[in-house]
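User: Hi! Could you walk me through some contacts in this one?
Analyst: Happy to, here it is.

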Amino acid sequence: QRPGSYVVLEYVRPVIKHKPSEQLTTVPAPSAIFDNCMADVSVLAGLLVDKFVYHMPLYRQHQRLKQSGITLSRSTLTQWVQKTTQLLQPIYDAQLQHILQSKILAMDETPIKAGRKKKGKMQSTWYWPIYGEQDELAFTWSSSRATAHIERQLAGFKGTLLTDGYAAYDCYAKNKPGIIQAQCWAHTRRYFIKAENIEPEAARQALDYIAALYKCEEQAREKQLNPKNKLKLRSEKSKPIADQFFAWCHEQQQRTDLVNSNPLARALNYVRTHKESLSVYLGDPDVPIDTNHLERALRVIPMGRKNWMFCWTEVGARHVGIIQSLLATCRLQEVNPYTYLVDVLQRISLHPAGKVSELTPRVWKDRFAASPLKSDLEKL
């Protein structure tokens, strides 16, 4: 294993004088990613990948630079990240617009400390990741956890929205004929897990029903069923199990010894309240049974919180959302995030603004991944 290292590239540009005319000519200077920046694109891409993929804060990267003999201020690294993010924002915007064209969306929320609320205390804010049906992810940011943010972000959306049981989604979907709300079965399962200590037998029965539903989904994946056959499997096997589960839940609610504070009572009430939404996936083969695919993708935010802890400003939180949207989508599309950033940061200034969607990871993979642009370091 070779320790991480940095290379200082020195560009020698000979100046030639034409004697008769006394005119001076020289080789043009290498173009920078943005004005007055001495960092090669490999440095900018490395800063983003180290911080947002491997969760290494800038102050640690600054220490590594210093140990390698590179003297820079930490504010310079911050400015490089900020300016690089601004270059990438049009790509993020194009990706978000494409995601909102999906017929099926998954949405969740996860907290992040951003901006100072008062001396010694950071403000609690939220990321609202939106997962499209073509494996693309966009982290939208809001200072609150209210329904108003969902209304703004999903304005004009018509289709199926897959979520957990948070009441804000219920408020959003209510009285919207163009929205079908689907609920996550994994969240339903968690309610019954909480009841295992007090009601082990009843909780085990519920978990067995849910496990049987997941077994059907496992069969569909293993056999790689097309939508038609997948719907047939859900209709013939999953639906009878779900009906039995709902009937069992209704029977359990008739128990006279079940008080409202009992975790099992809460679980049963959750199922009763969301029965219709939990049944949506049974009639649509394209709707997942849960939001686990989204929760796996949004883990980058909790992982980041354990390392860089918070965003100093609200603007910084928005920038984190932009970067993580593109890098998380790279992983979903099996694109190397470093290779992607090195190419896109050089290509974006030359690319037509009307075709910026071609630089999103999903499209870039097909158009440019075979022969990506490289940094000057890689050309040596």
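User: Which residue does R234 form a salt bridge with?
Analyst: In this predicted model, R234 pairs with E217, and the closest N and O atoms are 2.9 Å apart. The pair links distant parts of the chain, with R234 in helix α8 and E217 in helix α7, 17 residues apart.

User: Is R234 buried or exposed? And what about E217?
Analyst: R234 counts as buried, at 1% relative accessibility. E217 is buried too, with a relative accessible area of 6%.

User: How many salt bridges does the structure hold?
Analyst: There are 14. One of them joins R64 to D50, with the closest N and O atoms 2.5 Å apart. R64 lies in helix α2 and D50 in helix α1, so this pair ties together parts that are 14 residues apart in sequence. R64 is partly exposed at 26% relative accessible area, whereas D50 is buried at 18%.

User: Switching topic, at what angle do α8 and α9 pack?
Analyst: The angle is about 130°, and the axes of α8 (residues 227–253) and α9 (residues 263–273) are 10 Å apart. The two helices are therefore oblique to each other, and α8 passes α9 in a left-handed crossing.

User: Nice. Which residues meet there?
Analyst: From α8, they include F245, F246 and W248, and the α9 side includes L264, L268 and V271. By class, the contact has seven nonpolar, three polar and one charged residues.

Note on methods: Residues are numbered from 1 along each chain as its sequence is written. This is a predicted model: local features need pLDDT of at least 70, side-chain atom pairs count only at pLDDT 80 or more; totals for chains, interfaces and linings use all residues. Side-chain values use heavy atoms; hydrogens and water are left out. Axes are lines fitted to C-alpha atoms, for helices over the stretch in contact, and angles run from 0 to 180 degrees between N-to-C directions. Helices (H or I, at least four residues) and strands (E, at least two) are DSSP runs, numbered from the N terminus. Angles under 35 degrees count as roughly parallel, over 145 as roughly antiparallel, 65 to 115 as roughly perpendicular and the rest as oblique. A crossing is left-handed if the near helix is turned anticlockwise from the far one by less than a right angle, and right-handed if clockwise. Contact means heavy atoms within 4.5 Å. Ala, Val, Leu, Ile, Met, Phe, Trp, Tyr, Cys and Pro count as nonpolar, Asp, Glu, Lys and Arg as charged, and the others, Gly among them, as polar. A salt bridge is a side-chain nitrogen of Lys or Arg within 4 Å of a carboxyl oxygen of Asp or Glu. Buried means under 20% relative accessible area, exposed over 50%, partly exposed in between (1.4 Å probe, protein chains only).
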